[in-house]
Amino acid sequence: MSSPLPRETRVVIVGGGIIGCSVAYHLTSLGWKDVVLLEQNQLAGGTTWHAAGLVGRLRTTNSMTKINKYSAELYAGLEKKTGHSVGWKQVGSLIVAKSEDRMIQLRRTAAISEWFGVEVQMIGAEEAKAKWPLLRVDDVLGAAWLPHDGKVIPKEVAVALAKGAQSRGATMIENARVLEVEHADGRATGVKTEQGSIKAEFVVLCGGMWTRELGLRCGVTIPLYPVEHHYVVTEPIEGAFDGLPVGRDPDLCLYFRGEGNAVVLGAFQAESKPWMVERVPDRFSFQLLEPDWEKFAEPLKNAKWRIPALQTCRFEKFVNGPESFTPDNNFIMGEAPELRNLFVAAGFNSVGIASAGGAGKYLAEWMVEGQPTLDLWSVDIRRFGSWANNREYLRARVVEILGLHYQPAWPNREFETARGIRKTPLHDRLAAQGACFGVKNGWERPNWFARDGIRPVVEYSFGRQNWFDCHAAEHRAARENVAVFDQTGFSKYVVQGRDAVGVLQRLCGNNVNVPVGKTVYTGLFNERGGFESDLTLVRLAAEEFYLISGTAQTWRDLEWIKRNIRRDEHAEVADVTSAFGVLGVMGPNARGLLSRVTDANLSNDAFPFGTVREISVGQATARAIRITYVGELGWELHVPTEQLAPVYDTLMAAGNDLGVTNAGHYAINSLRLEKGYRAWGAELSPDDNPLEAGLAFAVAWDKAFIGREALLKAKSTELTRRLVVFVLKDSRPMLWGSEPIYCNGRAVGYTTSGSYGHTVGAAIAMGYVNNTAGVTPEFIRSGRFEIGVAGERCAAAAHLAPPYDPKRARILV
Ligand SMILES: Cc1cc2nc3c(=O)[nH]c(=O)nc-3n(C[C@H](O)[C@H](O)[C@H](O)COP(=O)(O)OP(=O)(O)OC[C@H]3O[C@@H](n4cnc5c(N)ncnc54)[C@H](O)[C@@H]3O)c2cc1C
């Protein structure tokens, strides 16, 4: 496959692994034929050729499951379409559990899978043995069986996809190394190779573990790092056969499958080994790293327990292959915020074979449509800022990532490695007062504060965790007295210029042309009417706005706003997140506390809800915004970062006798759920519209904005999907999100967030209820709702209005 390089093409794909080939396949199937794929060595010679070929369908989110399901369906029919065999075998997957927590996890998985459209059956230990006769099951409590999963020969999938793409006009060129991406005016314009340059309208980086370097050379952040991943292949064993299911024993960190009459045995150990290499060598093709039997000793010991036939067999092959991992175990995909028309699909965290079909399809659709056709936030390249691209940080973090595939999927699990790289000025003060921190977008955020002799360390479980009572105290403090929250990680931007109003009117669903000093809550929509973001906007001056959105969204929102400012418009957006610290002062005594430290008039008349003022706080000056995300009287104080600590100290000293309480993000979550406040990334996504989300009140229908057409169309039809708040009738269980919702015994959706509502006195969650015949208020009122909790169904009260209403000071349960 070495043709001469063309001088020009529409799309250049860099990298001929399974991902690059899939992107080429799907772009050409959407009619973009002018596609050139450049591979520095041979197709599939990077990581793809030595993968174990496991293709599982079920992932943790609906979108990711759609991606994998599509891959499996594609591979099953790929030979027919391309004439090239890919070795697809639908052998099924078997996941065994030897601990009660793992059983709960499997039951949770099985329950949600129904809604995701993946068949999962819970079976007993003996049934598991019947499916994998070489297994020892005396310590197995049960298993999950996924009959439609399968396996492939990864290299052949890449080749088949390449052939399919070629048959529709794509050109594949091997031994063509891309040196760098060429760009001008903030836009990719082509690539420079060892053999000359190619001009292109689009460049797609699918360079596996080489992709970070390619990104660095053109100023694009692609945080990934290679890690060693190990599997071994036995000699033929009696009783092993090719049709054995793909087995997984996550408690022992193992996977195993048949290969002919041998067994392939792989490990996802909790602590893995980064490849200690200065730079990934260019010519690393169809190569492996040295076997590491020492590192494999523990998995091998465990495997000999689980599959006794391994005790006496010889191992004929040790595969030590490097694969790229990202800081959060999700791959990286989409258009780079730094360069228009530069797309990326890389960092597949050991699931690149199972994901390649879907990832290629949705990336191709993204390119052709100009926006994602599915909620791809969990893999969106815009979730990382440059802070995440530090090599030392990556090397430290990836140690933990590979093993996550098999670690218990605790609902609120926090990363343990590479912590503490983004701290607010209050960090040490809060730590000294018992803060237990979580991490979001790199920011260390207090989740809860230890009290009554409890250590500030989470003891994970699917039920109530050790912080339950601490959380209750913080939740009540905000409801009944006054609490202070460090919300510094919130994303903040300034939009200004002569055309700022016009730009924001086009971007925002709500009317932003409000008097100076007022705030507006609004959604930012895509052409489909889905939420690209939701934020609070403060009009600071005629031509200046201050915008506040969630902690995770900084670069995504920034990019979305930037891309929607036309060249002829006089408006600029700047990220000012790090310039301001934020303290939420919330609760019925918030006014009482703040009045002690400011000379500003905080009365309702002088400082009504939804307005902003500069006020003194002790000797400092703060931008005080009268808004709340917890449903109580309160102010958010936006303070220059260097004054955050003095403002905090002033407040805490002044509120000592009032009983002012430090509170964390777990309390914010439960408080906002009781008040029915939605969160972007949970209740709101590019696939959810404001009518379904119950936020139509925040849309100004009489003005033009992006997404209006789609929303007007949606408005004229009956809603078949609606966001509902649920409160369990039993006060004991916990809800975390991702639990199935049943109406009259039928699955109708799943929860998007969950917590424990200490004011309503039970677990609380939100989730979309779906019904093709319509989801009317009557449907909600009359339905018998249940939420699946670890395999059990628990009765729940369903609310369209918030279950807690502070104005009416009553609980509507
Ligand atoms: C031991 C092991 C077992 C695995 N088992 C499974 C499994 O069972 N199931 C599963 O889903 N996943 C598995 N994986 C993961 C899977 O192999 C990868 O996620 C997948 O192959 C990644 O594909 P890719 O196309 O991104 O990368 P690659 O296959 O590495 O392809 C990238 C290509 O880009 C080329 N390239 C890079 N830079 C340039 C440049 N500058 N110019 C031109 N070309 C360039 C490289 O030469 C390379 O060929 C496994 C991984 C390992 C290591």
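User: Before we start, what counts as a helix or a strand here?
Analyst: Helices are DSSP runs of H or I with at least four residues, and strands are runs of E with at least two, numbered from the N terminus. Keep in mind that this is a predicted model.

User: Got it. Which of those elements each supply at least two residues of the shell around the ligand?
Analyst: Helices α1 (18-29) and α8 (352-369) do, along with strands β12 (225-234) and β16 (315-325). The largest share comes from α8, with three residues.

User: And which residues come nearest to the ligand?
Analyst: Out of 36 residues around the ligand, those are Glu39, Thr48, Leu54, Glu323 and Ala354.

User: How do the shell residues divide into nonpolar, polar and charged?
Analyst: There are 17 nonpolar, 16 polar and three charged ones.

User: What about Glu323, how far is its side chain from an oxygen atom of the ligand?
Analyst: An N or O atom in the Glu323 side chain sits 2.5 Å from that ligand oxygen.

User: How much of the ligand's accessible area does the protein cover?
Analyst: The protein covers 98% of the 1,000 Å² that the ligand has on its own.

User: Switching topic: is Thr519 buried or exposed?
Analyst: Thr519 counts as buried, because its relative accessibility is 15% and the cut-off for buried is under 20%. Thr519 is found in strand β23 (residues 519-525).

User: What does Thr519 touch, leaving out residues up to four places away in sequence?
Analyst: Thr519 touches Thr536, Leu537, Val538, Gly610, Thr611, Ile625 and Ile627.

Definitions and conventions
Residues numbered from 1 in each chain as written. Predicted model: local features only at pLDDT ≥ 70, side-chain atom pairs only at ≥ 80, totals over all residues. Heavy atoms only, no water. Near = heavy atom within 4 Å. Polar contact = N/O pair within 3.5 Å; in protein donor to acceptor, adjacent residues only side chain to side chain. Areas by Shrake-Rupley, 256 points an atom, 1.4 Å probe, with all protein chains shown as cover. Nonpolar A, V, L, I, M, F, W, Y, C, P; charged D, E, K, R; others polar. Buried < 20%, exposed > 50% of the residue type's maximum accessible area, 1.4 Å probe, protein only. Contact = heavy atoms within 4.5 Å.
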